[in-house]
Amino acid sequence: MLNRLLRLTLPATFVVLATACGPSGGGSSEAALEAAAAGETIPLPDFSLKDMNGKEFTKSDVEGRVVLLNFWATWCGPCKIEMPWFIDFQRKYKDRGFTVLAVSLDEDGWEVVRPFTAELKPNFPILLGDDVTAEEFGGVVALPTSFIIDKKGEIVTRHTGLVSKKEYESEIEKLL
Amino acid sequence: MKARSRNCCDFTGLAEKLTAWGCGLSLIAASGLGQFIGFSAAFIEPGPSVTLTPGATVDVPISVRIRKGYHINSNRPLEDYLIPTKLSWNAAPLVVASIDYPQAEEIRPSFSAKSLSVYSSRIVIRTRFQAPAAENDLSELKGKFRFQACNDKSCLPPKTIDVSVPVRR
């Protein structure tokens with residue numbers, strides 16, 4: 001399991017360090033897609049996270065659905081570009097068995113997340129995570145980080161950093 | 001998402017290693033080291049020690065190197081949601097008279113519709129301390145440097161690193 005987690009985590013590590021070694025880097029989607037193409041998927045880890053109303057979300061709540069699980073934070077500019085896309089995806093694909101789960105990693109919790117979501121008006125669950133959550137997903141080295149999970153509950157793609165709306169859309173459509 | 005702190009010397013060591021070993025080796029070294037792998041987009045450069053004269057002021061420059069491709073928010077970001085760069089001190093019995101941050105640059109990265117006030121490359125933050133009239137046995141000035149870095153695709157978690165300036169007797 002650890003080796004499989006590392007295989008999906010390594011591309012993210014490369015993104016951060018490759019950026020440090022040269023001009024600004026891009027997303028890790030290519031490498032992750034290669035891993036996915038090679039059949040290197042990993043099961044969605046067990047998780048239990050709450051939304052701002054205290055409602056608990058677990059792995060079983062998304063079983064049988066294609067999931068875009070996104071780690072973000074209010075201080076992350078690139079994360080805010082993606083949010084309106086996710087609202088579109090949720091509206092467009094919800095009835096075909098798709099859902100977005102957005103997990104905030106803000107240290108200050110709902111105090112800072114609540115005002116942001118009040119403005120955004122998301123049509124998908126916003127959950128609160130922490131370092132432990134991030135580690136359960138193999139470590140989050142930078143934000144945004146998103147996982148695409150298929151209907152069998154396997155993580156098939158990991159994106160670290162901003163990627164295009166079109167790329168997300170193409171991956172989601174393939175799995176629906 | 002909590003920042004992982006390291007002390008000034010550890011960070012300097014990491015930076016030197018990254019430079020000396022080359023990025024290829026650092027990729028391998030970093031890949032198995034946990035969630036944030038100790039990577040920092042900014043680090044404190046080693047500076048000279050300071051000499052304190054009772055009753056006098058002393059200026060202490062802190063030099064911060066920011067990795068290529070990254071920026072950190074200035075001490076006065078233009079948006080409320082951004083985390084400002086902040087240098088703070090715990091240097092009693094010295095009193096902090098002023099902390100002067102450098103002029104920020106305004107950029108508009110691809111992910112932002114608005115300009116951002118940021119620092120990049122290398123900055124120097126100058127602190128003026130007032131020493132007490134009485135002799136003291138302070139051996140170092142201790143501080144914290146907090147920042148949050150992004151490149152044009154992603155952001156790293158806010159980080160606080162220790163600052164230490166030796167006092168020459």
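Strand β7 (residues 145-149) of chain A pairs with β8(A) in the antiparallel sense, over five bridges. Strands here are DSSP runs of E of at least two residues, and helices are runs of H or I of at least four, numbered from the N terminus. Two strands count as paired if DSSP finds at least two bridges between them. This is a predicted model: local features need pLDDT of at least 70, side-chain atom pairs count only at pLDDT 80 or more, and totals for chains, interfaces and linings use all residues. Residues are numbered from 1 along each chain as its sequence is written, while chains are lettered from A and ligands numbered from 1 in the order in which they are written.

Stay with this pair. F147(A) stands opposite R158(A) in β8(A). The two strands form a hairpin, with four residues between them. In the turn, G153(A) has a positive phi of about 80°.

Strand β8 of chain A spans residues 154-160, and six of its seven residues are buried. Buried means that 20 or more other C-beta atoms lie within 10 Å of the residue's own; 12 or fewer makes it exposed, anything in between partly exposed, with C-beta atoms placed from the backbone. β8(A) also pairs with strand β1 (residues 42-43) of chain A, antiparallel, through two bridges. There, P43(A) faces E154(A).

Now the core. In soluble globular proteins, nonpolar side chains tend to be buried together. A nonpolar core is a set of buried Ala, Val, Leu, Ile, Met, Phe, Trp, Tyr and Cys residues joined through C-beta atoms within 7 Å. The largest one here has 75 residues, and L68(A), L143(A) and I172(A) have the most contacts inside it. Its largest share, six residues, comes from strand β4 (residues 66-72) of chain A. Beyond its neighbours within four places in sequence, L68(A) is in contact with residues including F86(A), F89(A), V100(A) and I172(A). Contact means C-beta atoms, placed from the backbone, within 7 Å.

How confident is the predictor in chain A? pLDDT is its confidence in each residue, from 0 to 100. Chain A averages 84, and 78% of the residues score at least 70. Over residues 1-33 of chain A, pLDDT stays under 50.

Turn to chain B. Four strands form an open antiparallel sheet in the order β7-β8-β4-β11. β7 (105-107) and β11 (149-150) of chain B stand at the edges with a single partner strand each, so one side of each lacks a neighbour in the sheet. Strand β4 (residues 71-73) of chain B pairs with β11(B) over two bridges. I72(B) stands opposite A149(B) in that strand β11(B).

How values were computed: Two residues are in contact if their C-beta atoms, placed from the backbone, lie within 7 Å.
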